[in-house]
Structure formats: C-alpha cells, structure tokens
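Biologist: I am new to this structure and would like to ask what stands behind the words used to describe it. Could you take me through them one at a time?

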Amino acid sequence: MADNTSSEPEKSGGDAIPRVKSEKELKKERQKQEKLEKFKAKQEKLQKQQEAKKEGEPKKKEPVKERVKITYDVPTEPGQKKDVSGAMPDAYSPHYVEAAWYDWWEKSGYFNPEYGEKDCKKVAYEDKFIIVIPPPNVTGSLHIGHALTSAVQDALVRWNRMNGKTTLWNPGCDHAGIATQVVVEKTIKRENNLTRHDLGRDKFVEKVWEWKKEKGDRIYHQLKKLGGSYDWTRPCFTMDPKLYRAVTEAFIRLHDDGYIYRSVRLVNWSCTLNSAISDIEVDKKELTGRTMLPVPGYKDKIEFGVLVSFAYPVEDSDEEIIVATTRIETMLGDTGVAVHPNDDRYKHLHGKFVKHPFVDRRLPIVCDDFVDMSFGTGAVKITPAHDHNDYEVGVRHNMPFITIIDDKGNITQDCGQFSGMKRFDARKAVLEALKEKKLYRETKENPMVVPICSRSKDVIEPLLKPQWYVKMKEMSDDAVECVRSGELKIIPELYKKTWYNWLENNRDWCISRQLWWGHRIPAYFVTIDDPSIPPGEDADDKFWVCGRTEEEAMKNATARFNVSADKITLKQDEDVLDTWFSSGLFPFSIFGWPDQTPELEAFYPGTLLETGHDILFFWVARMVMMGRKLLGKLPFKEVFLHAMVRDAHGRKMSKSLGNVIDPLDVIYGISLQDLHKKLENSNLDPKEVDKAKAGQKQDYPSGIPECGSDALRFALCAYTGQGRDINLDVLRVQGYRFFCNKLWNATKFALSALGDGFKPNPTSELTGKEKEMDLWILSRLSLAIQTTNKGFTEYDFPTATTSCYNFWLYELCDWYLEYMKPIIYEGGEEEKAVTRNVLYTCLDAGLRLLHPFMPFVTEELFQRLPRRRSCDPESICITAYPKVEECPFRNVALEEDVDFIQNVVKCLRSIRADYGLTNKNKADVYLKCMDQKTANTLQPYSAMIQVMTNSSHVTLGEGLDVPEGCAMQTVSNKCETHLMLKGIIDISKEITKLEGKKDKLITSLKRLEETIAKPDYKSKVPENVQTQNSEKMTEINAEIDRLATALATLAKLQ
C-alpha cells in the first residue's frame, strides 16, 4: 500500500496537528484553484468540439481497468494433489479454487466403482447406484441444457457415493446421425465449397470421424470442467465397434423374431436432407392464420395458414362437390372424395365418381366415418400418398396411392402441365389453373400447424417410402404395464399420463434413414439369377435377408431360396438406422452385450435414468422396450425427468435468437465481443447471425461475468422444480458466485478463529458445556441435514439447495459467527474450546452437505480443515454424507426461543436504520416484557443482543419502566423494544430528512394513483404491470406509515 504521510508536520497529511496557514499561502492556493478551473473549462470545450465532429469518426475508448484474476500458480503435475498449505487468497476466485482438483479426483480413482478394490459383481443391487449419461450429440459443444443434466446427475451420484454406495456414472457421446451429417455438410460447403456427393460416401464418413474426434474431445472437456464425477475409464461412443456390434445384433434378433419388417408407408420426408426424419426432429409451427414463411430453395416466402376451396364436377351430372385443402398442390394426387355415410346431402352420390380436372382420373365418392359432417362442406378430398389421415382412408377403401412429389420436392412427370415444377411453385400454378377452369371457390384464413424440419428448416413432406419398421404394439403394452404395476417409477408422476397416452397410441416405428453417417442396416436385398424364381420387389420382406456379415447373409439367402450362392447377388441396404435405435440399447450395449460380460452382470440393470422430459418417448420408452425385449429386464427402476431450460424471457434456446449459452462461458466469463465472434464462426445463416447478435446485446450488454462451475451447478439445481420449465437468468448464477465468496470468507474467518494448533474432538458429541446459541446452531445443522437428505431422496433439488444455502448464509454466517466473535476475542479458554468445536462441526458437516452441488469450493475448503481422526478419507468426495444420526441435536423449543430473540434483534436494527444510526452510535436498549416468562427467555441472550445490535447496554424486565427519549417497536404482545435516541441524534435534522423522504414518497404515490385512475388502465396495461403497480402502492403506503410513526416519535423527543 502506498504511504501518503509526510515527515514534515506542517504539510497536509502529516501526523502532527496542522498549523494555521498564512495569507500568502492561502493566496497561492486560490491561484492554483483558479488555474485548475480554467483547465477544466478548456477540457470541457475540447470535449464538446470532439462530440460535434462528423459521426463517421471512430471514438476513442476509455481504457477499462480489469480486475486482477487470482490464479493457482503452485507447480502441480496433472493428477497430483493440490497444494493448500499456503494462505487463503483474500477473496474467492473460481479460477483459483477449481484448479487441479478434478485431475486428482480422476487419477485417485474416486469415480470408479471398483475404488477400494471392490468386486462389483458381489455388491448387492440395492448397494449400487448405476446411471448412464444421456449421451450428448457429437455435433459441437454442450449448451446450458446439458449443464443442467450434468449438475443434477452429478449431485445424485456424489450424494450416493458419499452415502457409501458403489457408484458408476458412465459417460459417452451419441453419433447423432442426421444432426452430425447436416453440420459436417455445412462445414465442408463453407470451408471447401464441396458437397458430400463431391467427396463420396467413404471420404465423407472420414470427414465426420475427424469432426467427432475434435468435438467429442471438447464435450468431454466441458463435462470435466462442470465437475461431473464420471468414470473416465469407460467412455463410450455409439459408433464404437463394441456398440456397433450390439446394434447389428439387436436388428438381426428383432428381425428374426418378426419385430422388424419392411413396408411402404408415409414418412416425414425432408426434401433438403433427402431423408426420412423422426418425429422429434419435426418442429410444429403453429399459425393463427395467413402467414408467409421462408422455405429453403425458394426466393420468395410461401403462403401458409389458408384453406382453399374448389369444386370437383360429378361424373355424368351437373352437380359438383366442393372440397377444401391447406395444400392445394396435393390435389394432383387425389384418388377419391370421402363423405360421412349419414350425411343426407350426399346420400344420392354414394358410389358415384367425380372427374379430376387436370389428369385423366376418376375419383370415387366413398363413405367413411372419419369425416366430420359439420366441418366445411362435409366432403373431404383424399390424397393417400401425401397425408397421414388420407393414407388410412386409402387403405380402408383400396384406393390407388399416387406419389406426385419426388424426393427433391418436385412434381413428378405424370402430372401434365405441372410436371417438373417445384412443389410450392405448383401451389400457385394449380390455384391459377383452377380459376381458369372456374372451379376455384374461395380462400380463407385457417389456423394450422406446419411441420418444419428442425435441421434444415424445410417444410416436411409426407412421402410413401419402402422402409424398415419395428412393431410396437406388444412392446408398448409391456412398457405401459411396467409403469402401471409400479415396477418402473416415473418422477414427477404427472408424466405417467404422457407415457400412457403415447404408448397406447403408438404407431410402428420407422427406423430407416437415408444418410451416410450412422449404423448401416445389416439387411441385404437378394437378386436371383434363376428364371423359375420371379424377381423381388424392394418392399417385399421375403427378398431381404439379414446377416452380421455378408457371408452370413449369403448363407441365409441360399437356405431361404434353396439355390446355390453363385446364383445370388446381394446388395446391402444403403440406409442407416435411426439414431434412437442405437440410443435405445445404450444402457446395455456399453457393457458389452450381446456377450455376457462381467460388466453386464455387475452393472445391468441400472438404478436411475435422469433426463429432460422432452425425450421421454424417443429415448426413455425405447430403452425400456429394448431392455425388456432383448434382455428380459428393465434397464433402470426409476426415471426422473427434469424441466427444460429456457432463457430469462421464457423463450426456447435457439442459436438464431443468440440465447444458446455455452456453460464454459458462464464458468469463465466472456465479453460481448467474443460472444459475437462465436456466432460469426458458426454455421448460422448470415441473416440469422445479425439477429442472434442483437439478442446477445440485449441479454448480455456487458458480456457474461465469470461465475465458476460451483455457482452454475448450484443455480441449475436450485431452479429445478419438478415439472416446471426453467427461465435461466445468468445474473442469478452470479448471485450464487457471491454465495461462494461468502462461504470463502466465512471459512477463512472460521479457520482463523480455530487457530493453527486446533485439534477437533474425535466425535461431534456434546460436552454438556455448550451455550444456547451453540445448541441452536447445531439444531439448525441437524434440520439442514434432515431436509437436504429428504430433498435428495425425493428429487426435490430446490428444497435441498435452499436448505444448504439458508444454513450457511442466514444461520451460520449471519448469526452464529457474529455471536461467537466476542467469545473468540475475549472469552475464557474453556468457553473458546467449546465454541471452536461447535464451529468445526458446522464447517465439517456444512461443507459435506454442500459438496454434491458445489464440489470444487467444498473440496478446497475441506482440505484446509483439520481432521477428527488420522484415518478419515483424504477427499471430501469419498467422505460420508452427513446423517441426522451423526448430528442428533434438533431442539424445536430452543429454535422457537432463538427465533424470538432474532426478531428482537431485527426490531432494534430496524429502529437504528429508521433513524440513521451508524456503528459509531451506540445506544442503550430497553426490553419491556409483559410477563416474567418472556424476561426469563430473553435473559441468557442479553449479551448477544447487545453485540448483534451494536448497543451500549441492554436492560430488560417484566413491566420495565422505560425512560423518555426512546423509539419503540413491538416484537409481539409479550415484548417491546426501546432504543434510546435522546442525546444520540440531531432530532431537528433527522425530522427534516425524514419529512423529505415522506414528501418524495407521497409524490410517487400520487403519480401511481393518477395512472391507475385512467379509464383505459385495466384494458391497456398488461396484467403483470398492473400487479407490479399494486404491489408498489402497498409498499409506498407502508413506508409512509413507517415514516409517520418515526416522525411522531421524534416530535415527542424535541
């Protein structure tokens, strides 16, 4: 620190008493001041001139003083234990605290289930906690949703490990077929201006593997920085040979058992990707009416959200039937018109035909119960090859299935004048042609849902395709029964209804994907060079054989067709399997299935599956069905579904909105400029980059502050209320970083209070010499332990985190540490020893309590505590979690007494605040009790009340005669607090100050009242703003009343 004192006593700042200055010196100072004023005026003039310059000239930025980052600089080999022998830094620094610990935990084997040389096969199922990661897609880096999953799962894993269970948390990544292929295709297009077809399949797959290596390593790096206690001796990737083999085996077994079959059905087709996609990859965009939407491959936006009516002429008649559609181009593929059998308007037309205006086609008028007579005209056009509902009608009435849109989204060649047109160009052309033929009737707005491909943003086209399907009925019924019987538990229970609804109405699962990246389907089409055997159709299951190898497939083909191998040609299916197929095998494929490995025996079935509720059907249900079908066992006994993370405004996380957050940016902090750079280097469209930048600027004008992993994890777990979406505000994460700082400072003070030579008692048992506040803090610790454990058991993370937070912040820091300071500084040795042991118990148990949520800071602080016994575990992560049996100190009656004392202290602090008393103003306190029982309750705490209220003296008693000059607040009907103000404050000055405050509040209140009194207030002002205004009025009125009371008290004292 700089020394600004002077050895010359006459100079300002010296240690001696300053002398009176001469007139000459004063004149010199005046001249100096005048020069200074002139200089300031000149500077202001220059500044105005600079501001008046043309706008294009760049402004000079003021240099920003950066806060010095505290770092851990002790040379430490990776895996070596961190050196904590030095002094604690003055302030908490995530960068310092989170250094070195993870490598040490990993190298020490604490995360391995075999730690301590256990034979996991011999450990009883109920003594194990087995969980697999929901494998993140290897498409880039993790976002904040993954961080939530990691935080919740690691809290559970660490809690179970500390409770003595053999734990395994298996890490891994998913190859994410379609998502990864899209990202890599965009990358090679941007960097090399090449398509995957330019490269060819093999070269393109090589490129994807390069991408996987780079991105997979980054994902594992992120998981480690988040503190996840995964077993890194077992990471798995869904395209690893071990898992690839399991996928092949599963397909063959299910095909051989008749659960996988080949069929031509409607699929969700992305014309841009040229592939079928799963339901989870389809975004359902809801429109309220006419809307123009951008579609890839079209310069102009396309109209959606309208219902077009047109007429079909009835054959051999002057009549017509009017039908309506939201996709007018599909009328080119119409093969019928349906009416309800009970609709009197059309009974005379049953069995007749209408004529197609553009192609030579007769369309039968059929009767079907699915038609809603009250909707529109009660007649429905049927396009079986391009609509899911129409498909079912087509099957029932044996209608032709005519595909009129090809894989690339163009109209097929058998559609007359429209052939070769792009589908949405045909939309306009068909409408115009109908008008020319005078068959157009009207267009009106119509609310609708448009299916959008989440990967390509293209509009999904239902197309008929020969694909592989899994029969779902039997497996779905079994999965439903598992939950109904209680064998499988879903938490929160509200998702059981979703489970039943989906599985009871489950269609067969299309598992074919027209991609190059993924598990190649182990099925081969058979062509036979034998005129006696007719050639097979692609959709005919009979002409497809499966095999683990091509040799095995050939053997199966020769056996099936009873011909020699030289007459058979095999061609493997070009398609790959849906990513969810391999993901459904993850809980057992990672342990070596189909081989009966020791790992499979030890770790299957698992204990829990924890994930987001959005993939309940797509992943969780399929794991259950695959596990039951292929191994005869559930893969886990419980499913806990956490909420979805949204931004602070409640919006879904989206790259184009700029609100997708990399957890490392929250851990380390990042400037707005660097956030923008990330967008510029992404695969986002340039237009979307600008939109995303604007979103980032709005949400993070100063960037994201450094919060650290512990604060991020704690915030995410604290947010996780069951069944609710999470609106994540980064500022709240920063709030928990401040909590870490509080922990740091509290422990630093506590360690100094314990002293260098402190050795804790061997157990936390009471000595019998503890005072009321000692017993109170131990009682609150016992409650925190009970509540936190209950929170973990019930997956109630907000309760568990709140319990830890309240104990540390509001009970240990705010009350006990303040109470014990006089004892540590001035008490007797025996009193100090008792207090130190109580303090140690609170620190030791409190850090262990917090550890599952905040692993780094708790390990750092735990390592600085002395141990009760030399044989205690070396790391907090393998130390026992606190149990109530260890701290059986709960005393509800004592807590009620201390709660009363705390209210007394709060009342006195409130009086001091009302009258502007500072720490220098020590006032006398008088506690007037209405009965002796209340006085007896207060008496043991009088010294504490004096310390906590910065008072000079505390007097209490039943019916106490309180001297004049005091301000009063009532604690309860049994006690009044009085604080002596006379002689302490300048009463007239205080009255002026309080009256000024009161006047300002009255002005604010009048403004609010005028706003609320406006006639259109209720209709124009949003409901949430009305609520805020109402709450503000209540607060202002309460403050005015409080000031009025204070002014009345001061008036009496004048």
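**Words and their cut-offs**

Modeller: Let me start at P605, whose place is in the loop between α16 (598–603) and β26 (608–612), where helices (H or I, at least four residues) and strands (E, at least two) are DSSP runs numbered from the N terminus. A cis peptide bond joins Y604 and P605, with omega at about 5°. The model is a predicted one, in which local features need pLDDT of at least 70 and side-chain atom pairs count only at pLDDT 80 or more, while totals for chains, interfaces and linings use all residues. Residues are numbered from 1 along each chain as its sequence is written, and side-chain values use heavy atoms, with hydrogens and water left out.

Biologist: Which proline does a cis peptide bond join to I491?

Modeller: That partner is P492, and omega of the bond is about 0°; P492 is found in the loop between β19 (489–491) and α12.

Biologist: Why are α12 and α17 called roughly perpendicular to each other?

Modeller: The axes of α12 (residues 494–504) and α17 (residues 616–631) come within 11 Å and cross at roughly 75°, the axes being lines fitted to C-alpha atoms, for helices over the stretch in contact, with angles running from 0 to 180 degrees between N-to-C directions. Angles of 65 to 115 degrees count as roughly perpendicular, those under 35 as roughly parallel, those over 145 as roughly antiparallel and the rest as oblique, and therefore α12 and α17 are roughly perpendicular. Contact means heavy atoms within 4.5 Å, and among the residues that meet are W499 and W502 in α12 and F617 and M625 in α17. The residues of this contact divide into 10 nonpolar, 1 polar and 1 charged, where Ala, Val, Leu, Ile, Met, Phe, Trp, Tyr, Cys and Pro count as nonpolar, Asp, Glu, Lys and Arg as charged, and the others, Gly among them, as polar.

Biologist: What makes α24 roughly antiparallel to α25?

Modeller: Helix α24 (residues 797–826) and helix α25 (residues 829–850) have axes that come within 11 Å and cross at roughly 165°, which makes α24 roughly antiparallel to α25. Their contact includes F807 and W808 of α24 and L839 and L843 of α25, and its residues divide into 16 nonpolar, 2 polar and 3 charged.

Biologist: How do you know that α23 is largely enclosed by the rest of the structure?

Modeller: Buried means under 20% relative accessible area, exposed over 50% and partly exposed in between, with a 1.4 Å probe and protein chains only; 16 of the 22 residues of α23 are buried, so α23 is largely enclosed. Just after α23, Y795 takes a positive phi of about 55°.

Biologist: Why does K993 count as partly exposed?

Modeller: K993, found in helix α30 (residues 987–1013), has 41% relative accessibility and therefore counts as partly exposed. K457, in the loop between β17 (448–453) and β18 (461–470), is partly exposed at 43%, and K457 has a positive phi of about 65° although it is not a glycine.

Biologist: What percentage of the 1054 residues of the protein count as buried?

Modeller: The value is 51%, in a protein that has 32 helices and 33 strands.
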